[in-house]
Amino acid sequence: MLASTLLYGLLAAVSMVDAASPKKQIKYEVVTGIFQQDDAATDPSTFDFLASNFGLINRTYPSDPKTPDSKYATQWQRLNKYVKYLNKEKKTRYSLLFLGRHGEGFHNAAETYFGTPAWNCFWSERDGNATVTWADAKLTQNGVEQARKVNSFWARLLSEEGIAAPDSYYTSPLYRCLDTTRLTFANLTLPKKKPFVPIVKEFLREGISAHTCDRRSSKSYIHQQFPSFVFEKGFSEADPYWKELMAEPSTAQDVRSKAVLDDIFTNDDATYISITSHSGEISSLLRVLGHRSFKLATGAAIPVLVKQTTLDGAPPPSTTVPWDAQRTCAAPPEIRDSSCNDCSCCL
């Protein structure tokens, strides 16, 4: 049984990478000094992006007009001009990513309620309990309100600060991200050339574990719930990656994060890109981009100005990593603190 599950993990890792194999070798670098989140002195646990203009630093840019210009009066308008200035460089491309974490889901609330040890070892492998379902978790009311606050934030930045609206929108296929995307960008006054048409991408999903909240719903169900969303090419009806009691290692997750970024930047020439994903996946994307670690609370978002350079030659072959077989408990452990975070507490 163990041999077969490990074989599945290996095949899954191979198929995930092959499904979005990059055709170009792209190097990513973070342009620092633009946002407070780039600075090691900024504490992720206390930082409030809503109260700090997305973390945008008040500073001058080489592209600032020499004389006052009402078109570039706000910090966001001057950043837009600076990004255009940077994109005049040859063989490079600059894009501003808005990486948003989903609002609170029922799985987040359940982990708080049961405690992390019992959640990881027992409850998370179930679809729910007598009162709540957390498999492919939906947003709690608090999660809905978090997304609505971000919606109001975007509305103000668009109308008062001149922030550039996203050219493209991408989202994880898990329900909590799909709903957060919808709520965050619903009814905003967007340019006609930049309509809100989210693209559902498989590789933007959370790190895959034995938790049922990491198992997505069927394509038919997603389309029924979010009919205006567009699926990427090859999106399958059933979840092809989640497997009971198997876990994707972080190294394998980083491989697919690099693959999804390469796929986006190879096939989309957008400058401003919105991505709605998960805590673990955003952490992986930041690692791939070379950004410092910056944990996001539910409903939070982080902007990252990224420089991409296309290098000569084919990319090096990806190294596949076997997935891990996960243990589970017959009953939840009674202990609730951080001294117990694995199934050893059930022994």
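Mentor: Please bear in mind that this is a predicted model. The largest cavity holds about 140 Å³ of space.

Trainee: Which residues are the closest to the centre of the largest cavity?

Mentor: Its lining comprises 18 residues, and those closest to the centre are Gly-100, Val-150, Thr-184, Thr-276 and Ala-301. Two or more lining residues come from each of β2 (92-101), α5 (141-161), α6 (175-185) and β7 (272-277).

Trainee: Let us turn to the packing. Which residues of the largest nonpolar core touch the most other members?

Mentor: Within that core of 62 residues, they are Ile-34, Phe-54, Trp-76, Leu-79, Leu-99 and Trp-154. Helix α8 (residues 250-267) supplies the largest share, six residues. A second, separate core has nine residues, among them Trp-119, Phe-122, Trp-123 and Trp-134.

Trainee: What is Trp-76 in contact with, leaving aside neighbours within four places in sequence?

Mentor: The contacts of Trp-76 include Phe-35, Phe-54, Leu-96, Phe-98 and Leu-157, as well as Asn-53 and Glu-161.

Trainee: Is His-211 buried or exposed?

Mentor: His-211 counts as buried because its relative accessibility is 13%, and buried means under 20%. His-211 lies in the loop between β4 (198-200) and α7 (219-225). Beyond four places in sequence, His-211 touches Trp-119, Asn-120, Ser-124, Glu-125 and Trp-242. Of these, Trp-119 also belongs to the second core.

Notes. Residues are numbered from 1 along each chain as its sequence is written. This is a predicted model: local features need pLDDT of at least 70, side-chain atom pairs count only at pLDDT 80 or more; totals for chains, interfaces and linings use all residues. Side-chain values use heavy atoms; hydrogens and water are left out. Helices (H or I, at least four residues) and strands (E, at least two) are DSSP runs, numbered from the N terminus. Buried means under 20% relative accessible area, exposed over 50%, partly exposed in between (1.4 Å probe, protein chains only). Contact means heavy atoms within 4.5 Å. On a 1 Å grid over the protein atoms alone, a cavity is a set of points where a 1.4 Å probe fits but cannot get out, and a pocket is an open set with protein on both sides within 12 Å along at least five of seven lines; lining residues have an atom within 4 Å of a point. Grid points are joined across faces, edges and corners, and a volume is the space filled by probe spheres set on the points. A nonpolar core is a set of buried Ala, Val, Leu, Ile, Met, Phe, Trp, Tyr and Cys residues joined through side-chain atoms within 4.5 Å.
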